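Please take a moment to look over the sequence and the 3D structure below. Then we will walk through the fold together, one step at a time.

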Amino acid sequence: MPRSVQAVYLKPLKRKAQHGYPSCDLQLRSYSVRNVEFFADFALRAAYYLHLPALGPIPLPRITERWTVPRSNFVNKKSQENFERITLRRLIQVHDGHPQTVEIWLAFLRRHAYYGVGMKANMWEHESLGVGKTMDVSLENLKESLEPKWAHFGRRKNPATSEKVYDMMNKDSLRHNSDAPLSG
């Protein structure tokens, strides 16, 4: 059997995190154990080939929801049915991942999403010290570039346009219904 086919039957390979800074938490939810386990395996393999150190899948507590509903209406209150829905969850943690690589990984997982499996991702980005000063400078540049656009916000006319409207209103074809000309 070829090595690539054998790898499907083995656990997914994982990379070690160097620093342990969290980059992303991906939570998978499903009502079926097979679906959530299969997609968690797929996500870990994708993370390995994108050189992302991933931990998991970590099983999270189940969410159990129960409903009691009468079988029929009105008189038969004693005849009821009970329904239960169990949501299974798994957590995959990515450490020391570059934000763009993590976004590519999440986009790949969204593109190849498995039926019946929901995903929720929390991403963290780490900036260097003094990032507030660079944000202030970029805000000033943004204000300067937006100032000409804000000057005309809500106004889509210039003086030439208003004169054309005034001339059109004073034309004979429009004046035949009114007695007096428009005054400016």
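**A walk through the fold**

Aspartate 41 and arginine 45 are 4 residues apart in helix H2, so about one helical turn separates them. Helices here are DSSP runs of H or I with at least four residues, strands are DSSP runs of E with at least two, and both are numbered from the N terminus. This pair forms a salt bridge, with the closest N and O atoms 2.7 Å apart. A salt bridge means that a side-chain nitrogen of Lys or Arg lies within 4 Å of a carboxyl oxygen of Asp or Glu. Aspartate 41 itself is partly exposed, with a relative accessible area of 25%. Buried residues have under 20% relative accessible area, exposed ones over 50%, and partly exposed ones fall in between, using a 1.4 Å probe and protein chains only.

Before going on, keep in mind that this is a predicted model, in which local features need pLDDT of at least 70 and side-chain atom pairs count only at pLDDT 80 or more, while totals for chains, interfaces and linings use all residues. Residues are numbered from 1 along each chain as its sequence is written, and side-chain values use heavy atoms, with hydrogens and water left out.

Now step back to the whole chain. It has 6 helices and 4 strands, and from the N terminus on their order is α-β-α-β-β-α-β-α-α-α. Of its 184 residues, 19% count as buried. Two residues are in contact when heavy atoms lie within 4.5 Å. Among contacts between residues at least 6 apart in sequence, 75% join residues at least 24 apart.

Next, follow the strands. Two strands pair if DSSP finds at least two bridges between them. S2 and S3 run antiparallel and are joined by 13 bridges. In this pairing, proline 59 has arginine 90 in S3 as its bridge partner. Strand S1 (residues 22–30) also runs antiparallel to strand S3 (residues 80–95), with 8 bridges between them. Here proline 22 stands opposite histidine 95, and glutamine 27 faces leucine 91. S1 pairs with strand S4 (residues 118–123) too, in the antiparallel sense and over 6 bridges. On that side, leucine 26 stands opposite alanine 121.

How many of the 9 residues of S1 are buried? The count is 7, so S1 is largely enclosed by the rest of the structure. Leaving out residues up to four places away in sequence, serine 23 touches Val94, His95, Asp96, Gly97, Val102, Asn122, Met123 and Trp124.

Aspartate 25 is also found in S1. This residue is buried yet has no salt bridge, and the nearest side chain of opposite charge, lysine 120, is 9.6 Å away.

Let us return to the salt bridges, of which the structure holds 4. One of them joins arginine 90 and glutamate 37, whose closest N and O atoms are 2.7 Å apart. This pair links distant parts of the chain, since arginine 90 is in strand S3 and glutamate 37 in helix H2, 53 residues apart. Arginine 90 counts as buried at 12% relative accessibility, whereas glutamate 37 is partly exposed at 32%.

Arginine 85 and glutamate 65 form another salt bridge, at 3.0 Å from N to O. Arginine 85 lies in strand S3 and glutamate 65 in strand S2 (residues 54–70), so the pair ties together parts that are 20 residues apart in sequence. Both partners are partly exposed, arginine 85 at 32% relative accessibility and glutamate 65 at 28%.

Conventions
Lys and Arg count as positive and Asp and Glu as negative; His and the chain ends are not counted.
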